[in-house]
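I opened my notebook to look up a few things in this structure. The entries follow in the order in which I took them.

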Amino acid sequence: MPQRSSLRFWLALVWLALVAGWAWWEYSHFSGLYRWLADWQIEKWGSYEQVWTALVPAFILAIPAFRVLRERELLNQASLIAGDDPVPILRRVRTGMLVCGIILALVAGGAYLTSQQLPDPSDPPATVDLAALGTAAPPTGSAIFAGAVPDTDRALQMDEAFRSRSADIDHQTLYVPVVAKGAARDAPVRFLIDRASYAFTDSKEAPRTNIFLADHMQGVLVENGLPADVVAAFERQGVPIARPHYLMTTNSVGGRQNYYIVAALAGFTAFILFLLSAIQSVSIARARRRRL
C-alpha cells in the first residue's frame with residue numbers, strides 16, 4: 001500500500017508538470033483548446049481574457065492530481081495521529097520539493113542563457129533597405145529600416161487594461177506592416193514594427209500618448225517575432241502574415257521578453273520550493289529530537 005501511494009504521488013506530480021507545460025505551450029502558440037476558447041470569447045464579446053483562458057482548463061485537468069495529493073496528505077495525517085514516526089513522511093515531502101525546485105531552477109537557467117544568445121538592443125544597428133533587400137532574408141538583431149513606409153491602413157491595435165487602486169492603466173500595442181516605398185500593399189505582410197504606449201484613462205492630466213511612425217524605424221528585428229494571437233488577429237482582419245515574417249520590435253529587451261518571463265516565473269517558484277524545503281528540514285530535525 002505505501003508503494004502504491006508513493007507511485008500515485010509521483011504520477012500526480014508528473015501530471016501537474018505536463019498540464020502546466022501544455023497550458024504554457026497553447027498560450028504561447030495560441031493553439032488548440034486555448035485558441036478555440038479565445039476565438040469563442042472574441043466572437044461573443046469582442047475580446048478574451050488571456051490569463052483565465054489558460055488557467056481554467058489547466059485547473060480542471062489538474063483536479064485528479066490535486067485529489068491524489070489530498071489523499072496523500074490525509075494518509076500522512078492519519079499516520080501521524082496513529083503515532084508513527086513522522087520523519088520518513090517529512091523527508092519524502094522534502095525530496096519532492098527539492099526535485100521540483102531543481103527542475104524549475106534548470107528551466108530558469110536555461111531560459112536566461114538562451115535569452116543571452118539573442119541580439120542585444122544596444123548593439124550597433126544594421127541598415128535594412130527594404131527596396132534593395134527584395135525577397136532575401138534580412139539580418140536579424142539590432143537594425144534600422146531604410147526606405148520603409150508604414151502601411152497604417154492594415155495596422156492592428158491590441159489593448160490590455162490593468163486596474164490599480166488609483167487609476168485604470170490602458171496598455172496599447174500597435175502593430176504596423178511596413179513596405180518598401182512604391183511596393184504593392186496587398187501582398188502578405190513580411191515586415192512589421194510595433195509601438196507601445198501607456199495611458200491613464202482616468203486622469204485628465206495625462207493625455208493618451210500619440211504614436212509616431214517615422215520613415216526610418218529602429219529596433220530589434222526578430223524573425224517570426226509576432227505573438228501567435230496577434231498573427232491570428234491579423235488573419236481575422238483579412239491581413240495574411242508571411243512565413244517567415246520579421247518584426248521590428250521597439251521593446252527595450254528586444255526579442256528576449258518571453259525568455260525573461262519564463263526565467264522569472266520558474267526562478268521564483270524554485271526559490272519558494274527551496275525555502276519550503278529548508279523549513280521542512282527544520283521540522284525533520286525537531287521531529288527527530290522529540291523521538292529521542
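How many bridges join E2 to strand E7 (residues 217-223), and do the two run parallel or antiparallel? I found five bridges, and E2 and E7 run antiparallel. Before going on I wrote down that this is a predicted model, in which local features need pLDDT of at least 70, side-chain atom pairs count only at pLDDT 80 or more, and totals for chains, interfaces and linings use all residues. Residues are numbered from 1 along each chain as its sequence is written, and side-chain values use heavy atoms, with hydrogens and water left out.

**Entry: strand E2**

I noted the terms for this entry. Helices (H or I, at least four residues) and strands (E, at least two) are DSSP runs, numbered from the N terminus. Two strands pair if DSSP finds at least two bridges between them.

On the E7 side, I found alanine 143 opposite glycine 219 in E7. I then looked up strand E1 (residues 126-129), which is joined to E2 by four bridges, and these two strands run parallel. Here aspartate 129 stands opposite alanine 146 in E2.

Next I checked how covered E2 is. Of the six residues of E2 (residues 141-146), five are buried. Buried means under 20% relative accessible area, exposed over 50%, and partly exposed in between, with a 1.4 Å probe and protein chains only.

**Entry: the cavity**

On a 1 Å grid over the protein atoms alone, a cavity is a set of points where a 1.4 Å probe fits but cannot get out; a pocket is an open set with protein on both sides within 12 Å along at least five of seven lines; lining residues have an atom within 4 Å of a point. Grid points are joined across faces, edges and corners, and a volume is the space filled by probe spheres set on the points.

I counted one cavity of 30 Å³ or more. The volume of the largest cavity is about 40 Å³. Its lining consists of Trp22, Ala23, Glu26, Leu33, Tyr34, Thr53, Ala54 and Pro57. Helix H1 (2-29), helix H2 (32-45) and helix H3 (50-81) each give at least two residues to this lining.

I sorted the lining by class: Ala, Val, Leu, Ile, Met, Phe, Trp, Tyr, Cys and Pro count as nonpolar, Asp, Glu, Lys and Arg as charged, and the others, Gly among them, as polar. The lining of the largest cavity has six nonpolar residues, one polar and one charged.

**Entry: the second largest pocket**

I found about 270 Å³ of space in the second largest pocket. Its lining has 16 residues, and Val179, Ala180, Ala183, Arg190 and Phe191 lie nearest the centre. E5 gives the most to this lining, with four residues. By class, I noted 12 nonpolar, two polar and two charged residues.

**Entry: single residues**

I looked up isoleucine 241, which is in strand E8. Is isoleucine 241 buried or exposed? Isoleucine 241 counts as buried because its relative accessibility is 14%. Apart from neighbours within four places in sequence, isoleucine 241 is in contact (heavy atoms within 4.5 Å) with Val189, Leu226, Val231 and Phe234.

Proline 244 is also found in strand E8 (residues 241-249). The peptide bond from arginine 243 to proline 244 is cis, with omega near 5 degrees.

Last, I noted asparagine 224, in the loop between E7 and helix H6 (228-236). Asparagine 224 is not a glycine, yet has a positive phi of about 50 degrees. Its relative accessibility is 26%, so asparagine 224 counts as partly exposed.
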